[in-house]
Structure formats: C-alpha cells, structure tokens
Amino acid sequence: MPVQSKVVVQVKDLHKKYGDVHALRGLSLDVYGGQILGFLGPNGAGKTTAIKILSGYLAADSGSASICGFDSEMQGLEVKQVLGYLPENNPLYSDMRVVDALNFIGAAHKLGGAKLKDAIERVVEQTQLHQVYWRPLGHCSKGFRQRVGLAQALLNDPQVLLLDEPTNGLDPLQVVEMRKLITSLGAEKTVIITSHVLPEIEAVADRVVVMNHGSKVMDTDIASLASEQLITVELHCSVDVFQSICSQAEAHIEEILVANDSNCQAMIKANGNASELVSRLAEAAVFRKVQVANLSPQGHSLEHEFRKICQNDGAQA
C-alpha cells in the first residue's frame, strides 16, 4: 500500500435523518490516498447513506463531505470527475450491449473520439469484459454485470472508487474474481468498499471502519487487528485447577473472553506478548500435572470484533 500522506476523502460531523430515523449521527472520517477501506455495519447502520452523501447523490442535514478537496454537495461536477461509484443495485439497461453501455457512460463523462476509445479499451482490459463485449446486458451473468458496472465507474480513470456491496449476489468463483480485481485497483486508487461479507473485507482491505446506529464504533488497520493476540486454551482438569493455572499467569492476561466450565475451554486475550502468556500457562499446567489439549495463539478476527459490537448493541436494547 502506498504511504498514507494525503487525505483524499474527508467527512466531518455528518448528520442525516429520515423522518424520526437518525441514519447518521456525527460521522467523521479521513481516508488517505492508496487505502482500501472496508466500511462495515449491520443493516441500517448508515453505511449506504454515507456513501450516497459522499457521491453527491444525497444531501446531508449538516456536516460536510469532500473528495480530493471538492465538496460533495456544492461541487458535484468536480467530484464526478475524480470519483467512480458502483451502487449496491447496479442500474443497467438490459437491452443495451456492453459496448453500448460503456459508450453511453463515456459520453456522459464528455469523453469522445480517441479518448473514449482508449478509455473503453482500458476498462475492458481491467475488468476482463472481452468475452461479453458485444453481448446484451440482459444475457450476461450477475458477475459480468457487476464487472460492467465497475468498468463504467472506471471510465473516467477516477482517483477514488466507492463500491457498495460489489460482491452481493455473486457465486463463490465470481467473488474470488471480484476480490482480485478490487485488490489490483487498490494498487493505484483509493477504494471504499461496503460489504456484509467479513472475510471479503479482511481479504482486500487495509483498514476497516464499523458503523452502528449511524455512528462510527470502530476504526482500525487490518494489520493491527490481526496482531492483537488471542490464546485458545483447553485443559483436562477441574474448574478450580483451571482458575489456579490462569492465576499463575494473571499479569499476562487482559481478559478471558470465552469460557466453558464443563471442559475448561477458554479464549484468553493476552496483555502484551502472546507467546509469553502461552509459556506461563504451559509452565503452570505442567507444574499441576494437567494434560493440555490445546494452547495456541491466534490473531484477533474481524468477525469477533463485529459480533462483539452487535452483541453489546443487543444487550443494551
């Protein structure tokens, strides 16, 4: 990923209401050049509203959003010159051929002649549309229609891409192909992608932001998330002995996240070095002559964090 030096997408204190529903509650966010940002949240969290405001499709009640220094509401034409947008429900004319759809969008961007021809050749190569180039869109698979939508978003060679649920409805092979395509685009562009598929975000994103009830509740680098170590523990002993073993490594334990008293299974978050915690637990188990079934470190998962946010939300409801 390129060095993060310049803010290309900036959101400041965005608010948006639909009647009594507060879709955005003071969202603020900076996205740097060259990042692939995963934008996550449960249904109704405010992700799509934020994307629509960024693209200039929807006006905020208050706050501001800008792309490459252009205000999304007040400088819509300038924003469209630097932005490519693939909406969740990709609108395509089924009777149009792929080549005609690309020409149509190119003309909307005021491309013509050799510039339009070169732009279409570039996006067809980027999205691998050669096979369906002359085919009506209504005769294309869901995967190819998504590729056409992405090709349209790339025609103006934008600096920023907004991709709203780009893998929605794709089969597993198509998802893998779309993942590779997004990763390759991230090498030269800033990409913001929303998805309900957490492993897809982990596979392509550098950074993840989680929304809930219109607010940002998590913002972290994927690498930092993976470096937070959890220890999977399973010991063949009584609960009292298990608790005693954990107490011997108390200084290295931040939290026991999951515990099953019936078979002494636990997920323990390390306070500092996870390897040191494993060593201390192993020493304590050997000293107590306890059989160790499992004692291994693993990275913190995005799914774990996402579930924790949703569970906390449910507990507060």
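**View 1. Helix 5 goes past helix 6 with a right-handed crossing.** Everything here comes from a predicted model, in which local features need pLDDT of at least 70, side-chain atom pairs count only at pLDDT 80 or more, and totals for chains, interfaces and linings use all residues. Residues are numbered from 1 along each chain as its sequence is written, and side-chain values use heavy atoms, with hydrogens and water left out. A crossing is right-handed if the near helix is turned clockwise from the far one by less than a right angle, and left-handed if anticlockwise. Helices (DSSP runs of H or I, at least four residues) and strands (runs of E, at least two) are numbered from the N terminus. The axes of helix 5 and helix 6 (residues 172–185) come within 10 Å and cross at roughly 15°. Axes are lines fitted to C-alpha atoms, for helices over the stretch in contact, and angles run from 0 to 180 degrees between N-to-C directions. Helix 5 and helix 6 are therefore roughly parallel to each other (under 35 degrees; over 145 is roughly antiparallel, 65 to 115 roughly perpendicular, the rest oblique). On the helix 5 side, the contact (heavy atoms within 4.5 Å) uses Gly143, Gln146, Arg147, Leu150 and Leu154. Helix 6 answers with Gln174, Glu177, Met178, Leu181 and Leu185. Sorted by class, that contact has five nonpolar, three polar and two charged residues. Nonpolar means Ala, Val, Leu, Ile, Met, Phe, Trp, Tyr, Cys and Pro; charged means Asp, Glu, Lys and Arg; the others, Gly among them, are polar.

**View 2. Helix 3 (residues 98–108) packs on helix 5 (residues 142–154) at an angle of about 25°.** Their axes are 9 Å apart. That angle makes helix 3 roughly parallel to helix 5, and the crossing is right-handed. Val98, Ala101, Leu102 and Ile105 of helix 3 touch Val148, Ala151 and Gln152 of helix 5. The tally for this contact is six nonpolar, one polar and no charged residues.

**View 3. Helix 3 also meets helix 4 (residues 113–127), with the axes crossing at roughly 125°.** The two axes come within 10 Å. At that angle, helix 3 is oblique to helix 4. This crossing is right-handed. Leu102, Asn103 and Gly106 come from helix 3, while helix 4 brings Leu116, Ile120, Val123 and Val124.

**View 4. The largest pocket has a volume of about 870 Å³.** A pocket is an open set of points on a 1 Å grid over the protein atoms alone, with protein on both sides within 12 Å along at least five of seven lines; a cavity is a set where a 1.4 Å probe fits but cannot get out, and lining residues have an atom within 4 Å of a point. Of the 27 lining residues, Lys80, Leu83, Tyr85, Ile105 and His109 are the closest to the pocket's centre. Helix 1 (47–55), helix 2 (76–82), strand 6 (83–86), helix 3 and helix 5 each give two or more residues to the lining. The lining splits into 16 nonpolar, eight polar and three charged residues.

**View 5. The largest cavity holds about 40 Å³ of space.** Volume here is the space filled by probe spheres set on the grid points, which are joined across faces, edges and corners. The count comes to one cavity of 30 Å³ or more. Its lining is Val11, Leu27, Leu29, Phe39, Ala50, Ile51, Leu54 and Ile192. Strand 2 (21–32) and helix 1 each supply at least two of the lining residues, and helix 1 gives the most, with three. By class, the lining has eight nonpolar, no polar and no charged residues.
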